[in-house]
Amino acid sequence: MDDLFNRLPRDKHDFVRVNALKKLDKEELILLIPNLLMWLQDINWPIAIEISKLLLTIPEEVIPYVKDVLQGDDDIWKEWCLRYFAMHLPIELRQQLQEQILRIAYKPTKGEELEEVHITARELLGN
């Protein structure tokens, strides 16, 4: 297991490790979801987009972790999870996040309003 965690990116420019992660088996990648999702906390980090694409290869397994983010208090992270993960999900998978998306869209916290996460949530709903 330690060997698997040693494959995680070490910094925001670690494309070598990100590219190596693309070669992992699905089961191994699933074990790394919480660590990988953390890279979506700032989409301006160079590897963030590639990590989001990697997570989209195992969307069903990532959704429960994204739900946790959407229920948390890091509003910027919510924005990036919605825009760079949820927005790219097939509709049937996006339905699993519907409760959180609806809440953010129509009953946003002050922080979600400030960061305009509610606008992204409404985009996802087609409003």
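The helices here are DSSP runs of H or I, at least four residues, numbered from the N terminus.

Two sentences on the ground rules. This is a predicted model: local features need pLDDT of at least 70, side-chain atom pairs count only at pLDDT 80 or more, and totals for chains, interfaces and linings use all residues. Residues are numbered from 1 along each chain as its sequence is written, and side-chain values use heavy atoms, with hydrogens and water left out.

Back to the pair. Helix 7 is residues 75-84 and helix 11 is residues 117-125; their axes come within 9 Å and cross at roughly 20 degrees. Axes are lines fitted to C-alpha atoms, for helices over the stretch in contact, and angles run from 0 to 180 degrees between N-to-C directions. So the two helices are roughly parallel to each other; that label covers angles under 35 degrees.

Who makes the contact, meaning heavy atoms within 4.5 Å? From helix 7 come Asp75, Lys78, Glu79, Leu82 and Arg83, and from helix 11 come Val117, Thr120, Ala121, Glu123 and Leu124. By class, that is 4 nonpolar, 1 polar and 5 charged residues. Asp, Glu, Lys and Arg count as charged; Ala, Val, Leu, Ile, Met, Phe, Trp, Tyr, Cys and Pro as nonpolar; the others, Gly among them, as polar.

Next, how many of the 10 residues of helix 7 are buried? 7 of them, so helix 7 is largely enclosed by the rest of the structure. Buried is under 20% relative accessible area, with a 1.4 Å probe and protein chains only. The buried residues are Asp75, Trp77, Lys78, Glu79, Trp80, Cys81 and Leu82. They pack against helix 4, helix 6, helix 9, helix 10 and helix 11.

Now the core. A nonpolar core is a set of buried Ala, Val, Leu, Ile, Met, Phe, Trp, Tyr and Cys residues joined through side-chain atoms within 4.5 Å. The largest has 36 residues, and Leu36, Leu37 and Leu82 touch the most other members. Helix 6 gives the largest share, 5 residues. Beyond four places in sequence, Leu82 contacts Leu70, Met87, Ile101 and Ile104, among others.

Last stop, Leu8. Leu8 sits in the loop between helix 1 and helix 2. Its relative accessibility is 10%, so Leu8 counts as buried. Leu36 is one of the residues Leu8 touches.

How values were computed: Parallel < 35°, antiparallel > 145°, perpendicular 65-115°, else oblique. Contact = heavy atoms within 4.5 Å. Buried < 20%, exposed > 50% of the residue type's maximum accessible area, 1.4 Å probe, protein only.
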